[in-house]
Amino acid sequence: MTDFVAIDFETADYGADSACAVAIVRVRDGRVVARDCRLIRPPRREFVFTYIHGISWSDVRDQPSFGELWPGLAPLLEGTDFLAAHNAPFDRNVLRTCCAEAGLSPPPLEFTCTVRLARRAWGIYPTKLPDVCRHLGIPLRHHDAASDAEACARIVIAAGETTSHPARRRGAAAARQGTAS
C-alpha cells in the first residue's frame with residue numbers, strides 16, 4: 001500500500017477561499033500514522049454553512065488564517081503519493097484557492113476521489129460519504145472535518161484491501177481526478 005493523506009475542508013460560505021476547518025489524516029502502509037485538525041479564520045465573517053458543520057465566526061475569529069496555518073500542516077504531506085478526499089474536486093478547489101489567496105504553492109500531488117473509488121470498488125450508489133461509511137461499517141460524524149478525513153482514509157484503505165479493486169495499483173486512473181494539485 002502507498003503513503004497518502006486524506007484531507008477534508010469545511011467552508012464558511014460559497015467561496016472556495018472560505019475554509020474554516022481542515023483535517024489531515026496521514027496513512028502509511030495501510031495504517032493511520034498521524035492526524036491533525038484545525039480551525040481556520042476565513043477571510044470573511046459571514047458564515048452560510050454553520051447549520052451544516054456547526055462552526056461559526058465566534059469559533060474561528062481568534063484562529064490563524066489559512067496562510068498562517070498551512071505551512072505548519074504541509075510537512076504532513078511530504079513523501080506521500082497522493083491526496084484523497086470524498087468529492088475530491090471540492091477539496092482540491094478549496095486547497096488550490098486558499099493556497100493562491102495566501103501566496104503559497106499548492107502541494108504537487110494528485111487527488112484520489114473516494115466517491116469514484118467507492119463506485120468502482122463496491123458499486124455504491126448513492127455515494128455520499130454517509131452512504132459509503134454505512135456500507136463499509138466506518139463510524140462517521142458527517143461534516144466534522146476530522147471524522148470526514150478519517151472516514152476518507154478508511155475508504156482508501158478498504159479499497160486497497162479489496163484485491164479486485166483496480167485503484168489498488170498506483171496509476172489507477174479510474175479513481176484519480178487526472179490532474180496534479
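This passage looks at a helix and its cover, a helix pair, and a serine in a loop. The model is predicted, so local features need pLDDT of at least 70 and side-chain atom pairs count only at pLDDT 80 or more, while totals for chains, interfaces and linings use all residues. Residues are numbered from 1 along each chain as its sequence is written, and side-chain values use heavy atoms, with hydrogens and water left out.

Helices (H or I, at least four residues) and strands (E, at least two) are DSSP runs, numbered from the N terminus. Helix 6 spans residues 129-136, and Leu-129, Asp-131, Val-132 and Cys-133 in it are buried (under 20% relative accessible area with a 1.4 Å probe, protein chains only). Their cover includes helix 5 (114-122) and helix 7 (145-161). Just past helix 6, Gly-137 has a positive phi of about 70°.

Helix 5 and helix 7 also pack against each other, at an angle of about 35° and with axes 10 Å apart (axes are lines fitted to C-alpha atoms over the stretch in contact, and angles run from 0 to 180 degrees between N-to-C directions). Thr-114, Leu-117 and Trp-122 of helix 5 make the contact with Cys-152, Ile-155, Val-156, Ala-158 and Ala-159 of helix 7; contact here means heavy atoms within 4.5 Å.

Ser-18 sits in the loop between strand 1 (4-11) and strand 2 (19-28). Why does Ser-18 count as buried? Because its relative accessibility is 1%. Leaving aside neighbours within four places in sequence, Ser-18 is in contact with residues including Pro-42, Pro-43 and Arg-44.

Technical notes:
Buried < 20%, exposed > 50% of the residue type's maximum accessible area, 1.4 Å probe, protein only.
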